[in-house]
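Please read the following account alongside the sequence and the coordinates.

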Amino acid sequence: MLGEQVLLLLAGLASTVGGGQEPGQGPRGAPIIAVPNGGPWGNWAWPDMCPEGTYASGVSFKVEPPQGAVEDDTALNGIRLHCSPRGAGDGGSVAESQSGRWGRWSEPRWCPHRGHVVGFALRVQAPRRSFLSDEVAATNARFACSGGQVLEGPGPDLGQWGGWSPPCPGAVCGIQTRQELPWGLRRDDTALNDLRLFCCKG
């Protein structure tokens, strides 16, 4: 188990070179699905996978509520996949890449009828690139279930929704996030910028 965690950490660190690996294959040779509208800041963190033989059947969201006109907003800080065997319903394992420090986790939202996650979309505030502007990057996410249902996070109405990722050929089984680390006194943090999901065949 420890050896697998070390390998996953090394894979995640390698992906930060040159701004991150292009979507192709992830841990265990899993195909990667991605969207083109993610934020530009930060580096790709480590990937994390559901245990072998399990798939994402639910998600939870770490969101900082709006902070007001004079405070720094970070909105979406993290995503957690809840994993279970195919067709087994709610599971007890989670997969989580790096998450930001702000906000609180929502309760899990589950694909109904023992479904599983097969795709996603991000809501992102595009770079404003003004000294007086508050950059936020990713503000919310949606996840498509195998039965056609959509699990949407509780993020604020900031930014624009992008298009859906390609669908997984099987089911989502892992996650990797692009995170900007806290700036401290600079006080314009964005936290989660982008997201990749890994697909496994059941």
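Predicted model: local features only at pLDDT ≥ 70, side-chain atom pairs only at ≥ 80, totals over all residues.

Residues are numbered from 1 along each chain as its sequence is written, and side-chain values use heavy atoms, with hydrogens and water left out.

A disulfide is taken here as a pair of cysteine sulfur atoms within 2.5 Å. By this rule there are four disulfides. With the bonded cysteines of the protein numbered in sequence order, the pairing reads 1-2, 3-4, 5-7, 6-8.

One of the four disulfides joins Cys50 and Cys83, with 2.0 Å between the sulfur atoms. Cys50 sits in the loop between strand 3 (48–49) and strand 4, and Cys83 sits in strand 5 (residues 76–85), so this pair ties together parts that are 33 residues apart in sequence. Strands are DSSP runs (E, at least two residues) numbered from the N terminus. The link of Cys50 and Cys83 is left-handed, with -70° about the S-S bond. Cys50 and Cys83 are both buried, where buried means under 20% relative accessible area, exposed over 50%, and partly exposed in between (1.4 Å probe, protein chains only).

Cys168 and Cys199 form another disulfide, their sulfur atoms 1.9 Å apart. Cys168 belongs to the loop between strand 12 (160–161) and strand 13 (171–179), and Cys199 belongs to strand 14 (residues 192–200), so the bond ties together parts that are 31 residues apart in sequence. The torsion about the S-S bond of Cys168 and Cys199 is about -70°, so this disulfide is left-handed. Cys168 is buried, as is Cys199.

Cys173 is joined to Cys200 by a disulfide with an S to S distance of 2.0 Å. This pair links distant parts of the chain, with Cys173 in strand 13 and Cys200 in strand 14, 27 residues apart. What is the handedness of the disulfide of Cys173 and Cys200? The torsion about its S-S bond is about 65°, so the disulfide is right-handed. Cys173 and Cys200 are both buried.

Next come the charged pairs. The structure holds three salt bridges, a salt bridge being a side-chain nitrogen of Lys or Arg within 4 Å of a carboxyl oxygen of Asp or Glu.

Arg80 pairs with Glu96 in a salt bridge, and their closest N and O atoms are 2.9 Å apart. Arg80 lies in strand 5 and Glu96 in the loop between strand 6 (93–95) and strand 7 (104–105), so the pair ties together parts that are 16 residues apart in sequence. Arg80 is partly exposed at 22% relative accessibility, and Glu96 is partly exposed at 23%.

Asp157 and Arg123 meet through their side chains in a salt bridge of 3.4 Å, N to O. They link distant parts of the chain: Asp157 is in the loop between strand 11 (150–152) and strand 12, and Arg123 is in strand 9 (residues 117–125), 34 residues apart. Is Asp157 buried or exposed? At 67% relative accessibility, Asp157 counts as exposed, whereas Arg123 is buried with a relative accessible area of 15%.

Glu152 forms a salt bridge with Arg142, with the closest N and O atoms 2.9 Å apart. Glu152 is in strand 11 and Arg142 in strand 10 (residues 137–145), so the pair ties together parts that are 10 residues apart in sequence. Glu152 has a relative accessible area of 32% and is partly exposed; Arg142, with 25%, is partly exposed.

Two residues remain to be described. Thr54 is found in strand 4 (residues 54–63) and is buried, with a relative accessible area of 12%. Its side chain reaches the backbone oxygen of Pro51 at 2.7 Å. Not counting residues up to four places away in sequence, Thr54 touches Cys83, Ser84, Pro85 and Cys173, contact meaning heavy atoms within 4.5 Å.

Ala171 is found in strand 13 and counts as buried at 0% relative accessibility. Leaving aside neighbours within four places in sequence, the contacts of Ala171 include Tyr55, Phe198, Cys199 and Cys200. Ala171 and Ala56 are 115 residues apart in sequence and 7.2 Å apart in space, C-alpha to C-alpha.

Key. Helix = DSSP H or I, 4+ residues; strand = E, 2+ residues; numbered from the N terminus. Polar contact = N/O pair within 3.5 Å; in protein donor to acceptor, adjacent residues only side chain to side chain.
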